[in-house]
Amino acid sequence: MALLQHATVAAAKKILSKLRLILKSAQSMIVAFTIPAMGHVKPMLPLLSGLVGNGQEIVCFGHTAFESAIRSSGARFLPYPGFAYDIDAPDFNLLRMGADLLRASRTFHAQLSADVVALSPRLILQDSMAFWASRIGTALDIPRIHTIPTLVFNPATQRRMRKEDGYAKLAADVFRGAPALLREMARFGFAVSLQEVFGVERSWRRLAPPRCELVFSLKELQVGDPWGDVPRHYIGPTIDEGRRFEPRAGRGYALITFGTLSNNDTRRFEAAIEGAFLAGLSVVALCGRKVDLPRLESVAKALEAANPGQEATVLDTVRDMEPLIAGADVVIHHAGMATTWEMVRYSKPALFIPTIADQKVLASQLDAQGLGIRLPPGRELDPHAIARALEALKDRDYPWGRIRDLLARAGGAPAGVGIVMEALGTGR
C-alpha cells in the first residue's frame, strides 16, 4: 500500500510539473517599444492592456513622461536610456526627425539589446518609427509587429504630403535638415535609408521586415493602395467604443483643440475663437501651455462683452477630454487621429484646421468621407473663413451610422490582440 501511495504521489507531482511547464509556455514575453508622442503611445495602450488580460507578460520601453500611462495598461515599464529630446517641442522637419531617430538608435541600441536578450521575448510589438527596435529585432532574430497610429506613409501618401507642403517648405526642410541627417547617416556608413528609418513599406534592405502591421485607422481613409509588402491589418481606433457620457440637450459650444503637439500658435487659437463667435457659437478652447494664455483670455473676455449670451472659456489642460467633446456642437481641431475618433464616437462634426503635412492629408480624407469640412489652405488665421465653414457644417448630413459599421468590422483593440495572439501561436 505504501509503495502504491508513493507511486501515486510521484505520478501526481510529475503531472503537476508538466502542467506548470504548459502554463509557463502559454504565457509569452512580449517587449513593446514606443516613441515619445502621445498620439503614438495612447492608441497602443488598449492593445497592451488586452494582451495582459490574455495572460501575456508585457515589458514596455518608453519615455518617462509616459510611465504612468504605460503602467496603467498592466505592462511593466522600463525607461529609455538618457536622451536629450523635448517632447513638448517636436521637430516636424522630416529630415531632422530622421536624424533624431538615427541618433536615438545609436544611444539606445547597445543597452536595450542587452535588456532584450535578458528578457528573451517571443515577439516585439513596436511603433513603426521605433527604428532601434527594428535593429534589435533583426539582430536577435525576434519577429516584430509594427503599429501605425495614422495614415500609412505609402508612396501615394508621401506624394500628397509633399504637395501639401509645397516646394518652398520642402526646400527649406532640406536646407535645414540635410546636414544633421547626413552626419547621422555617415555614422551608419550610409547602410540605411531614410525610408527604412521611418519603417516605410518596401524599404527593407538591412533590416528584416515586420511580420505584419496594425494600423489604428480605417482602410477607407487610406490614400492610394491600402496594402503593402507585409500583411497589413486596419483595425481602426483602439479606444473603447462605449460612451461614458451622453451629449447634453440644448445649445452646445465649439470645442477648439489643436492636440498636444500642434498647439503652439496663439494666433490660430485666436482666429478660431473669433470665427466661432462670428458663427454665433460659444467656445471652449483647450490651448495647452505653449501659447500666450493671458492674450487668449483677454480676447475671450472682449468677445463675451461684445456678444451677450455667448461665452468663451480658455483652458490650458483638462484631466479628461471626453466630457468636453460630449458637450460640444462642433469640434475645431487639427485632424489628429485621437481627436477624430473621439468626435466620431459622439457624432460631432468637425472643422479641420491641420498643421503638418500628414494632418493635412488626413483632413482632406475625412472631409471626403463626410465627417466634417477642411478649412481651405491659407485661411487658418482668417476668422471670417472659419465662420463661413462653421455655418456650412450646420447644413450637412453626417454618415455616422456607416462609419460605426466600418469601425465595428475593423474590430479595434480586440482585433489587434487577436492578431498578436495568433502571431505568438505561430511564432518561433
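In this predicted model, the axes of helix α9 (residues 266-278) and helix α10 (residues 293-306) come within 10 Å and cross at roughly 15 degrees, where axes are lines fitted to C-alpha atoms over the stretch in contact and angles run from 0 to 180 degrees between N-to-C directions. Because angles under 35 degrees count as roughly parallel, α9 is roughly parallel to α10. The contact (heavy atoms within 4.5 Å) is made by T266, F269, E270, I273, E274 and F277 of α9 together with R295, L296, V299, L303 and E304 of α10.

These two helices belong to a protein chain that has 16 helices and 13 strands, assigned as DSSP runs of H or I with at least four residues for helices and of E with at least two for strands, numbered from the N terminus. Of the 428 residues in the chain, 53% are buried, that is, under 20% relative accessible area with a 1.4 Å probe. Among the contacts in the chain with a separation of 6 or more, 69% are accounted for by residues 24 or more positions apart.

The pLDDT, the predictor's confidence in each residue from 0 to 100, averages 89 over the protein chain, and 88% of the residues score at least 70. Over residues 18-26, however, the pLDDT is below 50, and this stretch has two contacts in the model beyond near neighbours in sequence.

Residues are numbered from 1 along each chain as its sequence is written, and side-chain values use heavy atoms, with hydrogens and water left out. Local features need pLDDT of at least 70 and side-chain atom pairs count only at pLDDT 80 or more, whereas totals for chains, interfaces and linings use all residues.

Notes:
Buried < 20%, exposed > 50% of the residue type's maximum accessible area, 1.4 Å probe, protein only. Parallel < 35°, antiparallel > 145°, perpendicular 65-115°, else oblique.
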